[in-house]
Amino acid sequence: AVTDNLWAAAAPQTFAGLHVGTRMTVIRLASGAIALHSPIPMDLELIAEINALGPVRHIICPNLFHHLYAGDAQRLWPDALLHGPAKLHSKRKDLHFHQTLSETLHPELAADLQAISITGSLLNETVLYHPASRTLIASDLVEHWQTCAHAPTRIYLKLNGALGKITWPRVMRALYINRKAARASVDRILALPVERIVIGHGDLIRDNAREALREGMAWLY
């Protein structure tokens, strides 16, 4: 549990040989339906835990990179609607998308969540804000690594200024091709009373989350 009606589950994941991990957020909506944000590999125990929370009706791919296990989730919950950014529809022609993920959410999601698209970035990420718990749900906005047991990954994080602090690794900042536009998106997030942040890689941000995000995205300004 992250807070009321929000849960998170993490799983191992490698990227270019680095042990970056990945995280899924499980959201119980006011309707009683469940939304899965950034699905991960799921064993029988995790599937049973999710099903015990309510019927899965939404599967959300938040950007162009967090989609690897969306097909598995669709097979597990074939009646759920699949959401993803427009460019992901073309990238993953093998998936059947029902909704384009944007700032205009499906009504059942919009009753509980506010969407902010991060413009100016090749990630094409849309983050979700859960006003009831003041929680930001993101994947690749920032990373938060207090430590890392995998030596090559630890060296990578240290060289990119991302070990022991909340930020976005230097080498990945080239994905922001229009920083002015991205700053406008981040400013909208910073205007919200964010108390905690669920992210895709590293540790959850539970303390002074808004100020931590402000400091972590300072490189963009």
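## A80, a covered loop residue

A80 is buried in this predicted model, with a relative accessible area of 2%; buried means under 20% relative accessible area, exposed over 50%, and partly exposed in between, computed with a 1.4 Å probe on protein chains only. A80 sits in the loop between α2 and β7. Helices here are DSSP runs of H or I with at least four residues, strands are runs of E with at least two, and both are numbered from the N terminus.

Which residues does A80 touch, not counting those up to four places away in sequence? They are V56, R57, H58, I59 and H98, where contact means heavy atoms within 4.5 Å. V56 lies 24 residues from A80 along the chain, and the C-alpha atoms of the two are separated by 6.1 Å.

## How to read the model

Residues are numbered from 1 along each chain as its sequence is written, and side-chain values use heavy atoms, with hydrogens and water left out. Since this is a predicted model, local features need pLDDT of at least 70 and side-chain atom pairs count only at pLDDT 80 or more, while totals for chains, interfaces and linings use all residues.

## The six-stranded sheet

An open sheet of 6 strands runs in the order β1-β4-β5-β6-β7-β8, with mixed pairing; two strands pair if DSSP finds at least two bridges between them. Its edge strands are β1 and β8, each of which pairs on one side only. β1 and β4 are antiparallel and share 6 bridges; A11 has T22 in β4 as its bridge partner.

Next come the parallel pairs. β5 and β6 are joined by 4 bridges in the parallel sense, with A35 partnered by H58 in β6. Strand β6 (residues 56-60) and strand β7 (residues 81-84) also run parallel, joined by 3 bridges. In this pair, I59 stands opposite L82 in β7, and I60 has H83 in β7 as its bridge partner. β7 then pairs with strand β8 (residues 99-100) in the parallel sense over 2 bridges, where H83 is partnered by Q99 in β8. As for burial, β6 is mostly covered, with 4 of its 5 residues buried.

Helix α1 (residues 44-53) has L46, I47 and I50 as its buried residues. They lie on the same side of α1 because they cover an arc of only 100 degrees around the axis, the arc being that of the directions from the helix axis to the C-beta atoms. An α-helix has 3.6 residues a turn, so residues three or four places apart point the same way. On the face turned away from the buried side, α1 carries the exposed residues L44, E45 and A52.

The buried residues of α1 pack against β1 (6-11), β4 (22-28), β5 (34-37), β6 and α2. α1 lies across β1, β4, β5 and β6, running at about 25 degrees to β4; axes are lines fitted to C-alpha atoms, for helices over the stretch in contact, and angles run from 0 to 180 degrees between N-to-C directions. After α1 comes G54, whose phi is positive, near 155 degrees.

## The four-stranded sheet

Another open sheet has 4 strands in the order β9-β10-β11-β14, again with mixed pairing. β9 (114-117) and β14 (196-198) are the edge strands, and each pairs on one side only. Neighbouring strands of this sheet are turned by 25 degrees against each other on average, direction ignored.

Strand β11 (residues 135-137) pairs with β14 in the parallel sense over 3 bridges, and I137 has V198 in β14 as its bridge partner. Helix α6 (residues 179-190) lies across β9, β10 (126-130) and β11, at about 155 degrees to β9.

## Cysteines

The structure holds 0 disulfides, a disulfide being a pair of cysteine sulfur atoms within 2.5 Å. C61 is buried, with a relative accessible area of 0%, and C148 is buried with a value of 8%.
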